[in-house]
Amino acid sequence: MLRSLPAEGSGVSERIRLAHGSGGELSRRLVHEVFLRYLLDPELARLEDSAVLSADGLDGACGALAFTTDSYVVSPLEFPGGDIGKLAVCGTVNDLAAAGARPLWMAAGWILEEGLPLDTLERLVRSMAEWSAAAGIRVVTGDTKVVPQGLADGAYVNTSGVGWVPQGRCLGRQRVRSGDRVLVSGCLGDHGVAVMLARQGISMSAHLVSDVAPLHGLVQSLFDAEVDVRWLRDATRGGLGSVLCELAQGANYGIEVEEQSLPVRAEVSGAAELLGLDPLFIANEGKMVVVVPPEDAAAALGAWNSHPLGRDAAVVGRVTEKHPGRVVSLTPYGTSRIVHLPAGELLPRIC
């Protein structure tokens with residue numbers, strides 16, 4: 001019961017707050033102290049983007065199925081570079097791609113608020129259709145519910161997706177080793193800042209749009225280049241910082257991040273400085289993080305730089321035996337700081 005957990009101020013409170021959905025420290029505690037306390041399946045406990053379930057022996061099949069689910073509550077529903085229909089498709093595709101899977105099928109459940117203009121809904125559904133076709137994933141089942149006015153921000157979408165993992169492809173935290181390199185596929189924070197500015201009606205730059213995009217082709221480019229992919233994750237809610245903190249948590253290794261190597265656009269950097277945000281923790285919807293052996297880092301970077309969605313990819317850090325369980329950021333001035341998960345909500349309703 002929530003009541004038995006630590007009181008507000010020391011972690012999970014007795015009532016849910018927006019910060020519990022931020023991807024930060026309160027999200028981590030909510031997952032571990034409530035959901036994993038009762039839902040004990042070992043596959044769920046891996047906390048990867050998709051569950052990978054063996055299909056060996058099913059009608060002669062081999063390999064595995066990747067199965068994922070997510071919900072989308074972005075406000076506004078349409079923003080520079082995307083909308084909630086595109087976001088739902090790309091989020092599902094990217095969660096499957098992060099498991100090394102080829103996306104196959106998805107379900108979409110729409111929760112609509114009374115008063116939503118029908119032409120707005122039609123644009124969102126058309127966008128979902130266009131982007132699912134572009135990504136090669138079929139929307140094969142769905143559901144619609146309508147709730148009274150005031151109970152939703154126009155529309156929410158929940159999706160589930162299924163993909164196919166080829167036999168012998170195995171990714172996961174257990175494969176990460178000291179000395180491995182960490183790469184990110186492009187500039188950080190575009191989605192979070194673009195949505196935040198759209199919500200406030202601010203236009204800082206015509207070039208600053210959400211990075212929302214399907215990344216399965218980008219991921220496949222690594223396998224085509226015969227890179228030994230140790231671990232993959234798309235850096236969405238909570239940004240790159242949360243992804244790396246989750247990777248390091250409880251591990252016998254640490255992660256060092258070179259601040260100078262982080263790709264961040266000037267517009268995002270300026271907005272982050274103005275708002276007191278760390279670009280490490282601003283959400284993305286079109287960025288993948290990969291851990292590879294040091295001898296494969298150049299091949300991985302080359303594969304991504306050759307892909308239209310990976311032109312700004314960079315090696316941003318390394319796995320190290322030092323400071324196990326922690327992420328440390330190395331500054332241009334020769335100093336370092338420990339990267340902690342944020343305790344509160346940075347930018348709500350952006351994913």
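Leu 53 has Leu 65 of β2 as its bridge partner. Strands here are DSSP runs of E with at least two residues, helices are runs of H or I with at least four, and both are numbered from the N terminus. This is a predicted model, so local features need pLDDT of at least 70 and side-chain atom pairs count only at pLDDT 80 or more, while totals for chains, interfaces and linings use all residues. Residues are numbered from 1 along each chain as its sequence is written, and side-chain values use heavy atoms, with hydrogens and water left out.

Leu 65 also stands opposite Trp 164 in β7. Strands β2 (residues 64-72) and β7 (residues 155-165) pair in the antiparallel sense over nine bridges, and Tyr 72 has Val 157 of β7 as its bridge partner. Zooming out, the five strands make an open sheet with mixed pairing, in the order β1-β2-β7-β5-β6. Strands β1 (51-54) and β6 (138-147) sit at the edges with a single partner strand each, so one side of each has no neighbour in the sheet. From one strand to the next, the twist averages 15 degrees.

Helix α4 (residues 118-135) lies across β5 (102-113), β6 and β7, and runs at about 175 degrees to β5. Axes are lines fitted to C-alpha atoms, for helices over the stretch in contact, with angles from 0 to 180 degrees between N-to-C directions; contact means heavy atoms within 4.5 Å.

Now for the packing. A nonpolar core is a set of buried Ala, Val, Leu, Ile, Met, Phe, Trp, Tyr and Cys residues joined through side-chain atoms within 4.5 Å, where buried means under 20% relative accessible area, exposed over 50% and partly exposed in between (1.4 Å probe, protein chains only). The largest such core has 43 residues, and Ile 84, Trp 110, Met 128, Ile 137 and Val 193 have the most contacts inside it. Its largest share, seven residues, comes from α3. Beyond its neighbours within four places in sequence, Ile 137 is in contact with residues including Val 89, Leu 96, Trp 105 and Ser 132. Another core, of 27 residues, lies apart from it, with Val 182 and Leu 247 among its members.

Leu 247 is also one of the buried residues of α7. Nine of the ten residues of this helix (residues 239-248) are buried, so the rest of the structure largely encloses it. Just after α7, Gly 250 takes a positive phi of about 75 degrees.

How values were computed
Two strands pair if DSSP finds at least two bridges between them.
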